[in-house]
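Hi,

Here is the structure I promised to pass on. Have a look at it first, and my notes follow below.

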Amino acid sequence: MQVQEAVGSEHWNRVKKRLRAELGEDVFSSWFARVDLEDHSDGTIRLSVPTRFLKQWIQSHYNDQLVGLWKGECESVHRIELTVRGAMRPRPTATPATKSLSAPKRPKIPGSENRMDGYTPINPVVDAQAATAAVGVGRIDASSDAARDVLQGAALDPKYTFETFVEGDSNGLALAAARQVASGSPVTFNPLYLHASVGLGKTHLMQAVAAKVRASGRKVLYLTAEHFMYRFVAALKAQSALAFKETLRTIDLLLIDDMQFLHGKQVQQEFCHTLNALIDGARQVIVAADRTPSELDTLDDRVRSRLSGGLVVGIQEPDFSLRRNILTTRVSQTQRTYANFEVPENVLDYVARHVVSSGRDLEGALNRLIAHNQLTNHPITQDMAELTLRDLIRSSEPRRVKIEDIQRVVSKHYNVTKADLLSARRTRTIVRPRQIAMYLAKVMTPRSLPEIGRRFGNRDHTTVLHAVRKIEELARTDTGLSQELELLKRMLDA
Ligand SMILES: Nc1ncnc2c1ncn2[C@@H]1O[C@H](COP(=O)(O)OP(=O)(O)OP(=O)(O)O)[C@@H](O)[C@H]1O
């Protein structure tokens, strides 16, 4: 057993390295990232893959290349055998030699045992669903009716509807476009492309459209880009690419979420064909991603240009009023489950003012308040909210400038002491830095004029007001001073 002695996981690592170099990262990770070395004997290398179509794909496209690369490692290798993990045969009893060969096993995907054991696919789509499960997207039980439904796609979250989506300035256009598409009126924006950074409601809006269109009896397919990728590959390898495309052509609305994850040249080409076919057939496509089409730099130019050809709409970060309204809506929804759940207005204001980044963070903040309230039975108060949310707020909030920081930076910059700033001395070298410090306290902190006055040696708020006005007035004409103010602000913001 010459091969058995000579071959080990280090050889497999070298083969993978060369494959990666020859195929490029994109193709390599599409097809080989989940291939494991199982064992070897008599010149045969056994590799395992998670799905049948991956096995077929690799066999038909990369067999010779694999044999060649393995031969480079070990002369006597003449054959590659691929098996589907957990499906085709029991794992061979490991000998010491085979043990050293085995790559670490990946955790089993829940439900995969049922699907794969003794399973003979007759429908490529079922196979695609196995693949989908293998990448952890939209897991579907093969024994259920759903598995037989080509148009099933990923599950929709019933919470994501138009009724629960709160409108604001930052998402008004996206909402209007989504409503228009959902209304079933003749296709006008195709594709509709939604982009926004994380947690701003893209998935919510897409699923709201999907649910509405599905409820009207039209055919809808909602997929993540990854899910699309695996379905396409499945169909291709089950030699049913034509059937797959025909199936897609019967769909009224195709939604692809997280477009930034669409990788691989062939998959992108297929996506582009599908897009073209759907648009040419006057069917609707909606795509969402975390950036604009032109920023999707891993995508093929043709796909990018096709994606830009419909309506591209961004969703911006929510302003205070939208954040406040999202919270109010969420509280009413929560009250359907916890009738006694109450959040005082001042706490909602506090959360909306401080949790500023996304709908997801607002939801997270509210969930913490709910958990705290339900677990401890303590009412929700401002103090409780401040305590419960302090890490969330600290990490999402821009750095807060304190009056002490301002006094420290200003006194250092003008070479006066903090005691001078707070003193009653009226020499010009102290008055001007003091006025600048009070001005900065007004524009860089949320403190009121009386509060600032107190912190500057118990001065009256009119003195602070005078200082602020004086500095504003001087800075309008004195560019040296206005540059100095900018410098101080930058030092304080750093
Ligand atoms: N305008 C809104 N009205 C109501 N809920 C919202 C709104 N915007 C965001 N949300 C809520 O915030 C959470 C995150 O939204 P969603 O998952 O749609 O974001 P996303 O833009 O798809 O983010 P990602 O790119 O991370 O997937 C969801 O629970 C969603 O319901």
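How many of the 494 residues of the chain count as buried? The answer is 36%, where buried means that 20 or more other C-beta atoms, placed from the backbone, lie within 10 Å of the residue's own. Before you read on, note that this is a predicted model, in which local features need pLDDT of at least 70, side-chain atom pairs count only at pLDDT 80 or more, and totals for chains, interfaces and linings use all residues. Residues are numbered from 1 along each chain as its sequence is written.

The chain has 25 helices and 8 strands; these are DSSP runs (helices H or I, at least four residues; strands E, at least two), numbered from the N terminus.

Now the sheet. Five strands form an open one in the order E5-E6-E7-E4-E8, with parallel pairing (two strands pair if DSSP finds at least two bridges between them). Strands E5 (220–224) and E8 (311–314) stand at the edges with a single partner strand each, so one side of each has no neighbour in the sheet. Inside the sheet, E6 (residues 253–257) is joined to E7 by 4 bridges, and Leu-254 has Val-285 in E7 as its bridge partner.

Leu-254 also turns up in the largest nonpolar core, which has 89 residues; Leu-254 is listed there with Leu-194, Val-209, Val-287 and Val-351 as those with the most contacts inside it. A core here is a set of buried Ala, Val, Leu, Ile, Met, Phe, Trp, Tyr and Cys residues joined through C-beta atoms within 7 Å. Helix H11 (residues 225–237) gives this core its largest share, 8 residues. Beyond four places in sequence, Leu-254 is in contact with Leu-221, Leu-248, Leu-278 and Val-285 (contact: C-beta atoms, placed from the backbone, within 7 Å).

Next, helix H14 (residues 301–308), where Val-303, Arg-306 and Leu-307 are buried. Seen down the axis of H14, these buried residues fall within an arc of 100°, so they line one face of the helix; the arc is that of the directions from the helix axis to the C-beta atoms. They pack against strand E4 (192–195), helix H13 (265–280) and strand E7 (284–289).

Finally, E1 (residues 36–41) and E2 (residues 44–49) run antiparallel, joined by 5 bridges. They form a hairpin with 2 residues between them, and Asp-42 in the turn has a positive phi of about 45°. E2 also runs parallel to E3 (residues 79–84), with 6 bridges, and Arg-46 stands opposite Glu-81 in E3.

Cheers

Definitions and conventions:
A residue is buried if 20 or more other C-beta atoms lie within 10 Å of its own, exposed if 12 or fewer, and partly exposed in between; C-beta atoms are placed from the backbone. Two residues are in contact if their C-beta atoms, placed from the backbone, lie within 7 Å.
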